[in-house]
Amino acid sequence: MILAEQPVICLLPFMDLQNVGKEGVLQDLTFGKDGSLYVATHGIADYWYNPIQESTGGFYKLVYDPQQKVKTQYQRSVKQETFSSSSLEKGKDLYKTTACFACHATEDGQELLGPTLKGLGNRMSREEIYESIMNPSAIIKPSMEGTKITLKDGKVLLGRIVNSNEQQFDLMLIGNQVLQITRNEIATFETQKKSLRYEGLIKILSKADQESLLDYLQSLK
Ligand code: HEC
């Protein structure tokens, strides 16, 4: 650790200090005289670090505290997974019957309400995928949050903002239809804390079927 007489300011873009400023676009780092580390984040970014127009940020002080228990991380399986072709076939069918395909693409192309699951096996472990399906609101993918818009005529709309400019918002509804709403039609605008996904979609499946669906999801590269 560098201990500076004068605070050192350095700018680290795209840094990932676990949960600290996890959505930060740019972060300033400095050590205090006692060795504490200060992190300032400016703004938030989506998954691909595109800046989002929202006036948020934070200033954090990181202090070493041996009393703190480390939050358990999901086990990432490092071994090369191989799945039987019959299980993959079954998983692919279940992907359709449990409605995943209604909101997710598995290839590049069409934008749907949910993010593409192409490459899912490279970015999430089996445990994370399972947890994400069972408990969708625990971690909502940045920029994929739901927005509830109440219009001045009383109509309530729920969906995901896919585009916006000074005059209007493009809101994708469940079912992937995109509505254009001009700003002056809007009475209230609320970002949802709950995911647009349904909870426990695969609870009705048998354990074996769940495993096949997970095999299929993990095989998406
Ligand atoms: C009603 C639409 C909808 C349905 C149906 C749906 N999802 Fe999603 N899903 C979403 C949205 C929206 C997100 C992003 C917001 C979030 O993280 O909750 C998402 C996120 C995910 C993620 C996290 C992806 C990432 O890159 O972080 C996974 C995994 C996932 N869904 C799997 C599934 C599976 C498997 C099914 C079927 C059992 C399913 N989803 C059904 C809308 C849906």
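The model is predicted.

## Overall architecture

The protein contains five helices and nine strands. Read from the N terminus, its elements follow the order β-β-β-β-α-α-α-α-β-β-β-β-β-α. Of the 221 residues in the protein, 14% are buried. Contacts between residues at least 6 apart in sequence can be sorted by their separation along the chain, and 50% of them join residues at least 24 apart.

## The surroundings of the ligand

Which residues come nearest to the ligand? Of the 24 residues around it, these are Cys100, Cys103, Gly114, Lys141 and Ser195. Two helices, α2 (100–103) and α4 (126–134), each supply at least two residues of this shell. By class, the shell divides into 17 nonpolar, five polar and two charged residues.

## The helices α1 and α5

Two packed helices are described by the angle between their axes and the distance between the axes. For helix α1 (residues 85–97) and helix α5 (residues 207–218), the axes come within 7 Å and cross at roughly 95 degrees. Because angles of 65 to 115 degrees count as roughly perpendicular, α1 is roughly perpendicular to α5. On the side of α1, the contact is made by Ser87, Leu88, Lys90, Gly91, Lys92, Leu94 and Tyr95. On the side of α5, Asp209, Ser212, Leu213, Asp215 and Tyr216 take part. The contact of α1 with α5 comprises five nonpolar, three polar and four charged residues.

Each of these two helices has a span close to its expected value. Helix α1 has 13 residues and reaches 19 Å from its first C-alpha to its last, close to the 18 Å expected at 1.5 Å a residue. Helix α5 has twelve residues and reaches 16 Å between its first and last C-alpha, close to the 16 Å expected at 1.5 Å a residue.

Within α5, the buried residues are Ser212, Leu213, Leu214, Asp215, Tyr216, Leu217 and Gln218. What covers the buried residues of α5 includes α1, α3 and α4.

The table lists three of them.

| Pair | Separation in sequence | C-alpha to C-alpha distance |
|---|---|---|
| Met124 and Leu217 | 93 residues | 9.7 Å |
| Arg126 and Glu211 | 85 residues | 9.6 Å |
| Glu107 and Lys221 | 114 residues | 9.7 Å |

Where is Met124 placed? Met124 is in the loop between α3 (120–123) and α4. It has 19 C-beta neighbours inside 10 Å, so Met124 counts as partly exposed. When neighbours within four places in sequence are left aside, Met124 is in contact with Ile129 and Ser132.

Arg126 lies in helix α4. Arg126 is partly exposed because 18 other C-beta atoms are within 10 Å.

Is Glu107 buried or exposed? Glu107 has 9 C-beta neighbours inside 10 Å and therefore counts as exposed. Its place is in the loop between α2 and α3.

## Residues with positive phi

Most residues other than glycine have a negative phi, and most peptide bonds are trans. Several residues of this model have a positive phi instead, including Ala99, Ser143 and Asn176.

Ala99 follows α1, and its phi is near 70 degrees. Ser143, a residue other than glycine, has a phi near 75 degrees. The position of Ser143 is in the loop between α4 and β5 (147–151). Ser143 is partly exposed, because 17 other C-beta atoms lie within 10 Å.

Asn176 is likewise a residue other than glycine, with a phi near 75 degrees. Asn176 is found in the loop between β7 (168–173) and β8 (178–182). With 16 other C-beta atoms within 10 Å, Asn176 is partly exposed.

Conventions
Residues are numbered from 1 along each chain as its sequence is written. This is a predicted model: local features need pLDDT of at least 70, side-chain atom pairs count only at pLDDT 80 or more; totals for chains, interfaces and linings use all residues. A residue is near a molecule or strand if its C-beta atom, placed from the backbone, lies within 6 Å of it. Helices (H or I, at least four residues) and strands (E, at least two) are DSSP runs, numbered from the N terminus. Ala, Val, Leu, Ile, Met, Phe, Trp, Tyr, Cys and Pro count as nonpolar, Asp, Glu, Lys and Arg as charged, and the others, Gly among them, as polar. A residue is buried if 20 or more other C-beta atoms lie within 10 Å of its own, exposed if 12 or fewer, and partly exposed in between; C-beta atoms are placed from the backbone. Two residues are in contact if their C-beta atoms, placed from the backbone, lie within 7 Å. Axes are lines fitted to C-alpha atoms, for helices over the stretch in contact, and angles run from 0 to 180 degrees between N-to-C directions. Angles under 35 degrees count as roughly parallel, over 145 as roughly antiparallel, 65 to 115 as roughly perpendicular and the rest as oblique. The expected span of a helix is 1.5 Å times one less than its number of residues.
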